[in-house]
Amino acid sequence: MSTVHLWPRRVLESQLARPLILIVAIFVLWDLVIRVFKIPPYLIPAPWDVAKMLVAEWPRLWRESLFTGYATLGGFGLSILFGIPIAMLIAYSRLVESYVYPLLVFSQSVPKIAIAPLFVVWFGFGIFPKVISAFLLGFFPVVVATVMGFKSMETEMIDLARSMRASRLQMFLKFSLPQALPSIFSGLKVSATLAVVGAVVGEFVGSNSGIGYVLQIANGNFDLPLMFAALFVLSMMGVILFAIVDLVENAMIPWHQSRRADVMTAATA
Amino acid sequence: MKALLRSVAMFLAATMLSAGIAQAQTKEKVVLMLNWYLYSEHAPFFLGKERGFYDQEGIDLDIQEGRGSGVTVQAVAANTATFGYVDVPTMIKAAAKGAPVRSVGVALQLSPMSVMGFAEKNIRAPKDIAGKTVAITPGDSMSQIWPLFLKKTGIKETDFKTVAGDAQTKLNAVMSGQADLLLGYVMDQAIKLQDATKKPVYPIRFADYGVNMISSGIIVNNETLKSKPDLVKRFLRATTRALEESEKNPEAAVDAMLKANAKAGVRETLIIGLKQTTALYHTKETAKQRPLRVSMTDVSESLDLLAQYGGLDPATKGKAEDWVVLDYLP
């Protein structure tokens, strides 16, 4: 098969172009809907106003998104650091599972926005309560996905490993962990986007920096273009984090079924 | 067949019954959305409802708690609420952006805004604010007028520390000592702090230092003004009576509110709060007028302040008459 394509076709068919085309389409549709239905600017802002605001306020939005970004990364990092080991414990020990898992699920139903003010009382107005907020939202998907991953080991594989006289460490590193990785990564992807939400929730409650802060100011001033611009930046943060996890996933489990379509040459495990 | 006949018969009976009930009560259903969860300022509406002032005007009043003046303004603009009781400067900012709302009467003609802290901290004058920590809520009306207060009192932003949070966080911060002061209304947060800790609170009022902003008032959708002017007049007539009665008898008003919602607060402190509220119903200029009839000069002054400090685009400032109309008052 010839690998020489005309460059416009390659650009259009590249991974980056497609979501961009979709965004342009949404932009046009949004503008059309506002014009056709004569929607007033205090209900939904016109896309051009949002774009202009994005450009005009970019230095400020960039600066504030860094604060939110740090809190998000901190929370996400803690989710991985604590989530994966706890999940492994749950997967390997029925005792731990019966005590801890129900408690985890119970705690998940507590609305974080209700307890976020308490974090400010306990931890102050710095970045820490936002990190905790992001961690609490991002923690559960990592745990659930990791437990699922480690528990999905087929008995035939376990028998195979035993028949090859694999030690427990070898069993873990060569069989259990690689087999659990696809599930873990899907959990990480969900967790990444939730961590962004958690950081912003923390900011709503007590902060004078971050995108959450910008959203509050925009809300108070009925400045819908600024609000939508801030929401766009927030969404991009989630997208970027998601893409980073995707890249790491590609590097670590290129052999997985879900990634085979992208790989030009077959990689053997 | 039998089932069909039965359901048709029930439907007819229900229609006739409701028509009969409708004939008996020709009261119009009206939703009044407040600016916040219940506190002392809202008691007059409950008094009016209890004493039948609204019933006598043919109004079946449904009082709904709000989640901030901004949200209530949007609800009235979207016709989800017939009337709103909100911070009128906040309404003006929304109206300047195109929201089809106007104020038909201003209850609080003096500003309830203040910076407050526990009395034991001995922060009695603006100069005492230097070196302290102030809790604000970003984007709300007080945080926007705060720079004007600072200017009038000669304090610089660098003289003190600021922490930002939502309404609950501000209260928590002062109660836990993370902040010395918070920006709040004299009859709202001050009362809540006292109720929670039993410690007296000392508010430094913005109005005492030359910050003259009108505050809470009744707002309505422009469409309602056009299509139901009589309803607006009747509502304002009943509300004016309710406010006057609350000035004379704050205890009765608070009792009426507590009867409707026992969690509204503590009776004694609610009465204190309401007395502080009714003190704001008149300026020297409008002392002889009935409540709600604000002076248009005061509205103009508030407009100017809004354009300078409050985030109102000077190009859309307009005139006082664009935003406040008193023609529907009794």
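Predicted model: local features only at pLDDT ≥ 70, side-chain atom pairs only at ≥ 80, totals over all residues.

Residues are numbered from 1 along each chain as its sequence is written, and chains are lettered from A and ligands numbered from 1 in the order in which they are written.

Let me start with the domains. An assignment that is automatic or from a database divides chain A into domain 1 (1–39) and domain 2 (42–254). Their centres, taken over C-alpha atoms, are 29 Å apart. Between them, five residues of domain 1 of chain A are in contact with four residues of domain 2 of chain A; contact requires C-beta atoms, placed from the backbone, within 7 Å. The side of domain 1 that touches domain 2 has four nonpolar residues, no polar ones and one charged residue. Here Ala, Val, Leu, Ile, Met, Phe, Trp, Tyr, Cys and Pro count as nonpolar, Asp, Glu, Lys and Arg as charged, and the others, Gly among them, as polar.

I turn to a single residue. V196(A) lies in helix α9 of chain A, residues 168–205. Helices (H or I, at least four residues) and strands (E, at least two) are DSSP runs, numbered from the N terminus. Is V196(A) buried or exposed? V196(A) is buried because 29 C-beta neighbours lie inside 10 Å; the cut-off for buried is 20 or more other C-beta atoms within 10 Å, with C-beta atoms placed from the backbone, while 12 or fewer means exposed and anything in between partly exposed. Leaving aside residues up to four places away in sequence, V196(A) touches T72(A), L234(A), M237(A), G238(A) and L241(A).

Next, the contact between the chains. Chain A and chain B contribute 20 residues each. On the side of chain B, α5 (88–96), β7 (161–164) and α7 (167–176) each supply at least two residues, and α7(B) gives the largest share, four residues.

Finally, the sheet. In chain B, five strands form an open sheet of mixed pairing, in the order β7-β6-β8-β5-β9, where pairing requires at least two DSSP bridges between two strands. The edge strands are β7 and β9 (201–205) of chain B. Within the sheet, β5 (residues 113–118) and β8 (residues 181–185) of chain B pair in the antiparallel sense over four bridges. M113(B) has Y185(B) in β8(B) as its bridge partner.

How values were computed. Contact = placed C-beta atoms within 7 Å.
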